[in-house]
Number of protein chains: 2
Amino acid sequence: MSNIRAVAELAGVSVASVSRALQQPELVSAKTKAKVLAAVEAVGYRPNLMAVKFRSGKSHNLVVLVPAVANVFFARVISGMQQTAAEKGYALLLANTQGNQDIEAIYAKMVQTSQADGLIQLRAHNPFGSATTADGSMLPMVNACEVLDQQQFPTVVLDNRAAARTMTEHLLSLGHRRIAMVKGPQRSPLTRDRLDGYRDALTAAGIAFDEQLLCPGNFSLDSGHKAAATLLSLSQPPTAIFCENDEMAIGVVQRIKQSGLRIPEDISVAGFDDISFAAYCDPPLTTIAQPAEEFGSTAVALLVDILQGRLKKAPKVILPYELVIRASTGPAPTTAAPQPTRG
Amino acid sequence: MSNIRAVAELAGVSVASVSRALQQPELVSAKTKAKVLAAVEAVGYRPNLMAVKFRSGKSHNLVVLVPAVANVFFARVISGMQQTAAEKGYALLLANTQGNQDIEAIYAKMVQTSQADGLIQLRAHNPFGSATTADGSMLPMVNACEVLDQQQFPTVVLDNRAAARTMTEHLLSLGHRRIAMVKGPQRSPLTRDRLDGYRDALTAAGIAFDEQLLCPGNFSLDSGHKAAATLLSLSQPPTAIFCENDEMAIGVVQRIKQSGLRIPEDISVAGFDDISFAAYCDPPLTTIAQPAEEFGSTAVALLVDILQGRLKKAPKVILPYELVIRASTGPAPTTAAPQPTRG
DNA sequence: CAATAAAATGAGACCGGTTACATCAAGTTC
DNA sequence: GAACTTGATGTAACCGGTCTCATTTTATTG
């Protein structure tokens, strides 16, 4: 691999002149610039950017911790990150953590060992352990989607509580009184916020909260399917099921159909995220649309702002959501609670 | 940020001893090692791995060019890459190319500028322009999923021709004689191979090829929906539609239902990939299962083998596929071709 | 105890750029 | 023409590690 010294030698100038000719052409004479460019061409010179990064102390890499890259929603977030990172001259180092904190720690270390300048976390967990560096400065981390309770870090988030309340109100407005919720992992703040929103709406409508109508899930299609089975087997099944993501809702839809019940005539189903498949579900899914790509691009933009010193305090960016009403939700059945015909 | 010299000073030893104590502890005395480790702890030393990479000339980064990270299938491939890369001590630099060759070129340059050691391409395109470096050695690239015609690069691929033939034969065995195909982008070798397999099966069954039954698509849900509309409006519509991926098949399914036709009684639909949503489609989708994660892990393993000099010639790895028969395909209708009732 | 082998340690070159500073040539001003 | 300014270029330090080679210390042996 040819280096800058080879170029300098061939061009008959110093390495400093070569560097200047390439980086600040206005500082060198036209003659020198021409000689340098010719020599660069001749030896096929490509500057070793690793050396530049090392010298400058900036890797221009950003670590991204993603619980599951194969998740449709996260894939969109990554897509948005990628776009903005490229625009700002950063590359993304992708880490598929699968919720494993050891893996998170390994990648977080890339920041501490100068392999990356900053980190974006899509889960409510701080992989660094503390919020500041040894010298007390803010760690270059942005938290998006599911955010930490303590607000030491810049965050990009949806008002999950309000969104869940909006969806629940939509279902209430259709006359539903027994509304089940298929939740995400128990401990996540995201799930807690959405549960709060759900309860807010119930309380406002004067409906008692029923623990039986809460069903755990893990955001997978299968967990939705299982949750629906549980809910349908209740002595008093719900007339509407609100799922914390679209995958689970699609699983729920399948299970309900397998029971011979109709959606939304017998039971309404709602999701969250508005992934592309939601509109192609049968019936098309009522859901909360999140600006997934914007989560990614905003997170990257914030992180770059921090890295370049344009941001002093940790901001909290709240992105808008939208209730998307499709055919999977409809008026609550007026008759007695429907009974499964099979399954 | 503390460096190795600070540690050396505090420990009262040379920088070489510090380096050895951390990298080849068997070379230093127990006493020195203890002093060094204490000093490391005291100053909170983290080796600057950027410096190490620079010095060694190995970045231990791999660039991955993905047409669309938000695509469900590719997301799984990335997931597999991530896993294997982490095991082998490499990090993934993710590039979302969206088919844009300029973006590909920018990221390919990361290899040439030593920011990455190698590259994985998921499309049939060589972002480097040539197959060898200036000195004639093989470029560190692996091509997966959709592969280049010329075989200068190691490739990981499905026997798409055989897979398409298998699916077509499945449909033929159900009595279908008018089998449509919803294709991917025209110029891709992947689409060409699958078309060849489709024609192989038709020829073997003595059925004439009908150009009208080929429908272009772009692997999106929407393009499947549109393709179905076109196919249903034919004077003689197909009795089965074979789509080159599951997204398009799901789009096709929706459009067919909107026409009031039943699947599979009136028309059969088949996909390709076996994404998780395929099993949750209504009816569940017959498809070709591809080992997506294995594409990723194999591609990374091959690339690392190249980088570490364990691989001299470019191998071609062919991964297995599996015909997954679900409810979206069934016997061809025995009556006259069904007519749309609405839509 | 001297001679020698073996183990431990230190000094400093090196990777490939950038850049502060020194140097030098050419032009400007009085 | 001397003094000074300006622009172009070169020299070499520097980033933070690794690693070769020389040197010193310790262990072994006759």
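Reader: In this predicted model, what is the handedness of the crossing in which α1(B) passes α3(B)?

Author: The crossing of α1(B) past α3(B) is right-handed.

Reader: Which residues of α1(B) and α3(B) meet?

Author: From α1(B), Ala6(B), Val7(B), Leu10(B) and Ala11(B) take part. They meet Lys35(B), Val36(B), Ala39(B), Val40(B), Ala42(B) and Val43(B) of α3(B). By class, this contact has 9 nonpolar residues, 1 charged residue and no polar ones.

Reader: How many residues does each chain bring to the contact between chain B and chain A?

Author: Chain A contributes 38 residues and chain B contributes 38 residues. On the chain B side, α4 (49-56), α5 (72-87), β2 (91-96) and α10 (246-258) each supply at least two residues. The most comes from α5(B), with 7 residues. By class, the side of chain B that touches chain A has 19 nonpolar, 14 polar and 5 charged residues.

Reader: What makes β2 of chain A and β2(B) a pair?

Author: Two strands pair if at least two bridges are found between them. Strand β2 (residues 91-96) of chain A and β2(B) have 3 bridges, in the antiparallel sense, and therefore count as a pair. Leu94(A), for its part, has Leu92(B) as its bridge partner in β2(B).

Terms used
Residues numbered from 1 in each chain as written. Chains lettered and ligands numbered in written order. Predicted model: local features only at pLDDT ≥ 70, side-chain atom pairs only at ≥ 80, totals over all residues. Left-handed = near helix turned anticlockwise from the far one by under 90°. Helix = DSSP H or I, 4+ residues; strand = E, 2+ residues; numbered from the N terminus. Contact = placed C-beta atoms within 7 Å. Nonpolar A, V, L, I, M, F, W, Y, C, P; charged D, E, K, R; others polar.
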